[in-house]
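Visitor: I have a structure to look at and a few questions about it. Could you guide me through it?

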2 protein chains.
Amino acid sequence: MADISRPSTSPGASPLFLREDEIRRGVELLYFGYTRLTNAIDQVLARQGLGRAHHRALYFIARQPDLTVGELLRLLAITKQSLGRVLKELHERDMVITRPGQVDRRQKLLRLTEKGAALEADLFAQLQEKLSAAYVSAGQESVTGFWHVLEGLVPESDRQMVFDLRKDRD
Amino acid sequence: MADISRPSTSPGASPLFLREDEIRRGVELLYFGYTRLTNAIDQVLARQGLGRAHHRALYFIARQPDLTVGELLRLLAITKQSLGRVLKELHERDMVITRPGQVDRRQKLLRLTEKGAALEADLFAQLQEKLSAAYVSAGQESVTGFWHVLEGLVPESDRQMVFDLRKDRD
DNA sequence: GAGATATGTCAGCCATGTTGACGTATCTTG
DNA sequence: CAAGATACGTCAACATGGCTGACATATCTC
């Protein structure tokens, strides 16, 4: 481990110190970048009386229509009770509908209504605005590097689930 | 806005669809990458009966000893009541000490005790383990791209504050 | 000396996570 | 076909960590 307190040595004097600084830089940028990006949607959500938890559900349902409740639970990594509350509220507001699975009728397939899709699109537009500005200012090469590092943060066991979001299933 | 439901068009057929996919990929990787990284420290925190909020305070105090309460408030972007609770608990556990500012005696300068520094080092070690593995698997070029994109997510008005963390002030 | 500033604190509320227990419909398998 | 596993829902209680509003104190600045 690098020396955390880093006494009065000049910065960069040792490869170990350099390493720590690179890690802290990543931790900080991830923290500020992530929070600032999510801040972008708070105003839109507040207007609807909804929170971040609702957005996460809307997002993944938009991303993968006919997602089952179980799949959504695995993506969000929360308890079914927590998710139940969120889905109930989205259902009451006519933003999400469910229908029984074709192959397995115990499952509920989730879809956004027009109203739900409209809100998700509005929220996505905010994210898009911030993130595409960051992409443009950093350049395409940086964007692929950005992806690669983040992919490395996702544990092997979750990677397939995350990558599967990019497959069309409609 | 691009068509969210993306009917039966082949992916990549239009620049607009491509753009949307690149944005969604970033949003998802940021979400999963950030949450998986923060998950890395939960076990250590739980052992101490502390939460994420305590970690954020410990982290920034470790990063910038003699930080004032006001500076920490700006970094965390929470209310003084919320921060007060956290600092009080860290103080009670002898992890943080304060002393009056030299130049402005209304200020309180924050520092970690040995015990606090030891915990922060332990937490940092977990972050380091995950993040350096991601850095290694992505390669140095990717790391700088990763930084650049994230820097672009931090609004102009906050950028100085974030970059100042990298300056030594001891 | 008056007002601004840095900090603390009381009290109550809200969003969103947790555990544990239990119920129902449906699927799968011996 | 009966038994057990699975997918989903729900009740209740609780924890964490945000929030607002109001008010107090010490210190700095003009």
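Visitor: How many nonpolar, polar and charged residues does the surface near DNA strand C have?
Guide: This is a predicted model: local features need pLDDT of at least 70, side-chain atom pairs count only at pLDDT 80 or more, and totals for chains, interfaces and linings use all residues. Residues are numbered from 1 along each chain as written, chains are lettered from A and ligands numbered from 1 in written order, and side-chain values use heavy atoms, without hydrogens and water. Near means that a heavy atom of the residue lies within 4 Å of the strand. With Ala, Val, Leu, Ile, Met, Phe, Trp, Tyr, Cys and Pro as nonpolar, Asp, Glu, Lys and Arg as charged, and the others, Gly among them, as polar, the surface has 4 nonpolar, 9 polar and 9 charged residues.

Visitor: Which helix gives the most to the surface near DNA strand C?
Guide: Helices are DSSP runs (H or I, at least four residues), numbered from the N terminus. Helix 5 of chain A supplies at least two residues here. The top contributor, with 4 residues, is helix 3 of chain A.

Visitor: How far is the polar side-chain atom of R106(B) from a base oxygen of DNA strand C?
Guide: R106(B) is among the closest residues to DNA strand C. A polar contact is a pair of N or O atoms within 3.5 Å; within protein, one must be able to donate a hydrogen and the other to accept it, and residues adjacent in sequence count only if both atoms are side-chain atoms. Here the distance is 2.5 Å.

Visitor: Which helix gives the largest share of the surface near DNA strand D?
Guide: R56(B) is one of the residues that come nearest to DNA strand D. The largest share is 4 residues, from helix 3 of chain B.
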